[in-house]
Amino acid sequence: MLFAVMGLLPVSAGLVLRSQWARGVATRETAKLLKEQGITASYSVYVRLLPLSIVLTNVRVESTDGGAPVVVAPQIIAKPRLFALLSGKLVIDQLELDAPKVRLVYGQDEIKNLGIKIPQTKKDTQKKPFHAPFSVVSLTDADLDLDFEGIHTVAKEIDADI
C-alpha cells in the first residue's frame, strides 16, 4: 500500500501542477510581486514538475517612458530550488531567457524606463559582496538596446551564461 501511494504521488503532483488552479495561483503570485515593484507585464504562466520550473510565455514588460517595451520574450523559465521552497523561501536557481529583446535606460541611479530606483549603500556600513537572487542566468539569441547614462549600445543575437 505504501509503495502504491508513493507511486501515485509524482503523477498526482504533476496533474495538480498542470491544473487551472495551479496556473491561477502562479499567475496571481507573480502578478502581485510585479505590482509591488510598479511593473506592468503580460504573460502566460505554466508550472512544470520535472524539472520543477515556472515557465512564462509571451512575456511583455511595458516601459514607463513611453518607448518600446523593456522586455519582450517568447519564453522565460525560472527554476526554483526545491528545498528552499519546502522551507517557505523562493530562491531561483536558474533563469533562462529565450530570444529576449531588452531595452534598458539607466541614469542617475535609476532604471528610467521602469521607474525603479537603485538603492544606494550607506558609506558607514561594512561592504559585503553582492549576492544575486539566482545562481545562473542564461540568455539565448538576445537583442539588447542599452542606454547607460547617455552611452547607447545595441547588440544582437547574444548567447551568454552568467
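**Entry 1. A bridge across the chain.** I looked up Arg103 and Asp65, whose side chains meet in a salt bridge at 2.8 Å, N to O. The two residues come from distant parts of the chain, 38 residues apart. Arg103 sits in strand 5, residues 101–107. Asp65 sits in the loop between strand 2 and strand 3. I note here that the model is predicted. Next I checked the cover on each partner. Arg103 counts as buried because its relative accessibility is 15%, and buried means under 20%. Asp65 has a relative accessible area of 40%, so I wrote it down as partly exposed.

**Entry 2. The other bridges.** How many salt bridges does the count come to? The count comes to six. I followed up two more of them.

Asp143 and Lys101 meet in a salt bridge of 3.4 Å, N to O. Asp143 lies in strand 8, residues 136–148, and Lys101 in strand 5, so this pair ties together parts that are 42 residues apart in sequence. Asp143 is buried, at 17% relative accessible area. Lys101 is partly exposed, at 48%.

Glu62 and Arg60 form a salt bridge too, at 2.6 Å, N to O. I found Glu62 partly exposed, with a relative accessible area of 31%. Arg60 is also partly exposed, with 35%.

**Entry 3. A charge without a bridge.** I turned to Glu110, which is found in strand 6, residues 110–111. Glu110 is buried yet has no salt bridge. Which side chain of opposite charge is nearest to Glu110? That is Lys117, 4.1 Å away.

**Entry 4. Ser63 in its loop.** Ser63 lies in the loop between strand 2 (53–61) and strand 3 (71–80). Is Ser63 buried or exposed? Ser63 is buried, with a relative accessible area of 15%. I then looked at where its side chain goes. The side chain of Ser63 reaches the backbone oxygen of Gly67 at 3.1 Å. It reaches the backbone oxygen of Ala68 at 3.1 Å as well. Not counting residues up to four places away in sequence, Ser63 touches Ala68, Pro69, Val70, Arg103 and Asn113. Arg103 came up in my entry on the bridge with Asp65.

Entry 5. I found Ala155 in strand 9, residues 151–161. Ala155 is partly exposed, with a relative accessible area of 22%. Leaving aside neighbours within four places in sequence, Ala155 is in contact with Ala142, Asp143 and Leu144. Asp143 is the partner of Lys101 in a salt bridge.

**Entry 6. Two positive phi angles.** Most residues other than glycine have a negative phi. I noted two residues with positive values. Phi of Ala99 is near 50 degrees. Ala99 lies in the loop between strand 4 (92–98) and strand 5. At 30% relative accessibility, Ala99 counts as partly exposed. Gln108 has a positive phi of about 55 degrees, although it is not a glycine. I placed Gln108 in the loop between strand 5 and strand 6. Gln108 is exposed, with a relative accessible area of 62%.

**Entry 7. The whole protein.** Last, I stepped back. The protein has three helices and nine strands. From the N terminus on, the elements run α-α-β-β-β-α-β-β-β-β-β-β. The C-alpha trace spans about 65 × 40 × 30 Å along its principal axes. There are 162 residues, and buried residues make up 27% of them. The protein exposes about 11,600 Å², and carbon and sulfur atoms supply 63% of that area. Of the contacts with a separation of 6 or more, 42% join residues 24 or more positions apart.

Technical notes: Residues numbered from 1 in each chain as written. Predicted model: local features only at pLDDT ≥ 70, side-chain atom pairs only at ≥ 80, totals over all residues. Heavy atoms only, no water. Helix = DSSP H or I, 4+ residues; strand = E, 2+ residues; numbered from the N terminus. Buried < 20%, exposed > 50% of the residue type's maximum accessible area, 1.4 Å probe, protein only. Polar contact = N/O pair within 3.5 Å; in protein donor to acceptor, adjacent residues only side chain to side chain. Contact = heavy atoms within 4.5 Å. Areas by Shrake-Rupley, 256 points an atom, 1.4 Å probe, with all protein chains shown as cover. Lys, Arg positive; Asp, Glu negative; His and termini not counted. Salt bridge = Lys/Arg side-chain N within 4 Å of Asp/Glu carboxyl O.
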